Amino acid sequence: MTADPTAPGPPAVELRGITKTFPGVVANHDVDLEVRAGEVHAVCGENGAGKSTLMKILYGMQRPDSGTIAVRGEQVKFRSPADAIKSGIGMVHQHFMLADNLTVLENVVLGLPGRFDPAAARTRIGELSARYGLGVDPDRLVEQLGVGERQRIEILKVLYRGARVIILDEPTAVLVPQEVDELFGNLAGLRAEGLTVLFISHKLDEVIRVADRITVLRQGTTVTTVEAGSVTTAQLAHLMVGGDLPTPETRESTVRDEVTLGVRDLSVRSDAGRDLLSGVGLSIRAGEVVGIAGVEGNGQAELVEALLGTRPIATGAVTLAGEDITAWPTSRRREAGIGYIPEDRQRQGLLLTQPLWENRILGHQTRPPSSRGVFISRRGARKDTERIVAEFGVKTPGVDVPAFALSGGNQQKLVVGRELSGSPKLLVAAHPTRGVDVGAQALIWDKLRDARAAGLAVLLVSADLEELLGLSDTLKVMLRGRIVATLDPATVTPAELGEYMTGVATQEATP
Amino acid sequence: MTAVIERPAAPPVRAPWRDRVRRAAIWAALVFVTLAVVRQVTGANALTSAGTVNDAIGLAVPIGLAALGGLFSERAGVVNIGLEGMMIFGTWFAGWAGYQWGPWAAVLGGIAGGALFGLVHALATVTFGVDHIISGVAINIIAVGATRYLSSRFFLGREDGGVNQSPSVPLIGRVGVPGAGGPLGTLEGKHWFLVSDLAGLLRGLFTDVSLLTILAVLLVPAAFWLLWRTGFGLRLRSVGESPVAAESLGVPVYTMKYAGVVISGALAGLGGAFLVTVYDGKFLENQTGGRGFIGLAAMIFGNWRPGGLAAGSALFGYTDSLRLREGSAAVHALLLFAAILLAILAIRAGVTRRWIPAGALAVAAVGFGVVFAVTDQVPAVLTPLVPYAVTLVVLALAAKRLRMPAADGLRYRKGETG
């Protein structure tokens, strides 16, 4: 890491020897990072490689145990994000930091010193929005906005504070391809205006596409910094994991004849009477993976909830292995063999403060090995948790540690392991590898493939197009609560899929 | 570009609060006309008499102040069930300061006493992360015992003082629009449909009103301005909606929560001081009579907004005033009023095809109507109960889509960001 002699002036940001330990974990160890002014600099690494911690340190949310931070050549010490903002550093968080019930304008000006002057703020937002092509309307409530718009508001918030260095933490995780293209267009615009962008990601093709230089982290420390033009995805993956990148390719079809899940004319209405799902029909056979593609918020979540019986349906019927389960409560559906990998493992999948073995029981309260009659079988649950830990490679000191002690990928492996136990007939998998590192992703994909080969029917809802295309036998596209296209994942391209997802291309649905 | 990604054209910018004000005005007019009709039908002239209106305002004010207190606290994300306790401390400190230095000192004493225990609640919930309900209930329990103890230390042995009351506090002066009382009173006495009702309303509003009442009523728009038109208010609301987002932008989350809860206590304490300096002229044990809780309910049914909580408090104050002035006859007429109001709400729900609420409203309307028709008067034992029951039923059924601050009642720890 030597400073480029041709670089004009000092680097925009320079981190030297950053070390940060949490109880029991070394998150960062002697990390160096140098970001030149006016470049798009990517930081990539697996989950748990220390990217997020490093960025939190740079943004003043956490203080390093040792090491120095310099901004434009000057040593700084950040005690809070406010200090970082003063030094011209802004952060767009992966989980948006927006208050839903406030307007865009209120979210943007929140926390700024001085008088609250809505008229002046409105003008300034308009200017910034026009200058960087963000297209933001200051007077709407944030809750009415889509994911892409929210992200642009986050960027606007940072710009409004006069940031010269913008950190984007996993910005593409929630976007569809077209939105990603737009974001990258925005980033190019920011760079053209002389701003510096720090781009955190583990999606390697994106990193190569958007960045000028790339710093790779592995196990909490810097591996190297490379020019984006000089590496391939495979080389980057090698640097990141010390191995090759997994692919979700399935081998041969394992689809059998018997229909496991049948859904007919399923409609769901909101409390206000609006159609959230209208006339959805689909069937999944044993050994088949049906992928549901779509921009988030087009009825996927409602479909999942309707199948699990956690959301009342307006019309339609659902059958499981030939039995009509439309009127069944959730517990009975689970007992009948529906597994569920929820979208948000921390909120819906786990009790974070409880030990792993208790988490193993969730959803299986009435079934062995976690229960004996009306009693919970502590021994059975512990033993079976140990089996999951071993089979799924969950990295944990034991089954008695609370779930929050595990990293995201390991939590997810535990959830997947739990949902695949007790030989389910149908697995409803909502974003099964969202936000997990490539190692865990590969393992989860392998396990899903094995279960599919053994005759499991899988409904796969995902925002990761690669995952959808690679794992699915059949692909359905949802738009505004309807299934608008049925596609063959072997022949469709991500770009075509994106067109169906956004309604540019249409297909006469004849299910 | 596509429908989904395309940036929607900016909708016409118009202030939502202007709509709200218009809607509120329409409802107020509707309610008033309904009352006039009921008065005409039942002959219960107390329904819109100046005395009732005047009393209603006085009774609504302490409830409204408690509700405003709840607003500040809950908008900052701290549930404040301790309003009742803070109000009790407000009454005690108002009595203590008032008998020595006069009524305006009592007002300041009440504010300080309430704020002090607001601070205790903030310390417990914000700094120590105690469950909000537990801390609030503890304050309510402590308030009863502590004020009795304090009374025995400071009031016992003084003139008029005792373990359950303070020495006398002079009342705050009352004012009115000069010359308005006479002609309006004459007009009211004619009992003409709507005209006399309006005269009664105006006479009640503009004659013989306590200065503290005027101040308290002005606090409602002031609270709106502070919370929705200033940077302070925006920061305060942001910590109740999303403390994580607020902290990420450098908003001092703990400080804002402290500010909200202390203001909350101060307003509840002011409500207590109102009871001392406008009604009773002294501190009395059990003087608050649950008004802190009622204020909390009014705030919730008012959808965590100043206008809504003012309307809810006014309804409580009005029904209570009817009960106190006219007893069972007026309360009986109130049943018909409730039935008509619920029927209107039922029709509104039916028009918008919300069948379940429409059904519930219709059943309640018919229920009140039947009780009104088959009885001649409300039994004396139920008279004190009916106003509250009517208010609760109306509020509960009228309030739709209540939305509490998203992070209300949740513990927040610094550094949980991300």
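The model is predicted, so local features are given at pLDDT of at least 70 and side-chain atom pairs at pLDDT 80 or more, while totals for chains, interfaces and linings use all residues. Residues are numbered from 1 along each chain as its sequence is written, chains are lettered from A in the order in which they are written, and side-chain values use heavy atoms, with hydrogens and water left out.

**Stop 1: chain A**

Select chain A and colour it by secondary structure. There are 17 helices and 22 strands in this chain; helices (H or I, at least four residues) and strands (E, at least two) are DSSP runs, numbered from the N terminus. Along the principal axes, the C-alpha atoms of chain A fill a box of roughly 70 × 50 × 45 Å. The radius of gyration of chain A is 24 Å, which agrees with the value near 24 Å for a compact globule of 511 residues. This radius is taken over C-alpha atoms, and the globule rule is 2.2 Å times the number of residues to the power 0.38.

Of the 511 residues of chain A, 55% count as buried. Here buried means under 20% relative accessible area, exposed over 50%, and partly exposed in between (1.4 Å probe, protein chains only). Among the contacts in chain A with a separation of 6 or more, 68% come from residues 24 or more positions apart; contact means heavy atoms within 4.5 Å.

Next, select Pro368(A) and Pro369(A). The peptide bond from Pro368(A) to Pro369(A) is cis, with omega near 5°. Pro369(A) is placed in the loop between helix H12 (356-361) and strand E17 (371-372) of chain A.

**Stop 2: chain B**

The C-alpha box of chain B is roughly 80 × 65 × 40 Å along the principal axes. For 418 residues a compact globule would have a radius of gyration near 22 Å, and the 23 Å of chain B agrees. Buried residues make up 51% of the 418 in chain B. Residues 24 or more positions apart account for 80% of the contacts in chain B with a separation of 6 or more.

Leu194(B) lies in the loop between helix H6 (181-189) and helix H7 (195-206) of chain B. Its phi is positive, about 70°, although Leu194(B) is not a glycine. Leu194(B) counts as partly exposed, at 31% relative accessibility.

Asn286(B) is found in the loop between helix H11 (253-280) and helix H12 (291-301) of chain B. Asn286(B) also has a positive phi, near 60°, in a residue other than glycine. With a relative accessible area of 64%, Asn286(B) is exposed. Select Ala333(B) as well: the C-alpha atoms of Asn286(B) and Ala333(B), 47 residues apart along the chain, are separated by 30 Å.

**Stop 3: helix H9 of chain B**

Display both chains and select residues 231-241 of chain B. This helix, H9, is mostly covered, with nine of its 11 residues buried. Among the buried residues are Leu234(B), Leu236(B), Arg237(B) and Val239(B). The cover over the buried residues of H9(B) includes H3 of chain A, together with helix H2 (50-75), helix H8 (211-229), helix H10 (243-248) and H11 of chain B.

**Stop 4: where the chains meet**

Select the residues of each chain that touch the other. In contact are 40 residues of chain A and 30 residues of chain B. The two chains bury about 2,800 Å² between them, 64% of it on carbon and sulfur atoms; buried area is the accessible area (1.4 Å probe) that two parts lose on being put together, summed over both. In chain A, Met97(A), Leu110(A) and Phe116(A) lose the most area to chain B, together 21% of what that side buries.

Finally, select Arg403(B) and Glu143(A). Their side chains meet in a salt bridge (2.6 Å, N to O), a term for a side-chain nitrogen of Lys or Arg within 4 Å of a carboxyl oxygen of Asp or Glu. Between chain A and chain B the count is two salt bridges.
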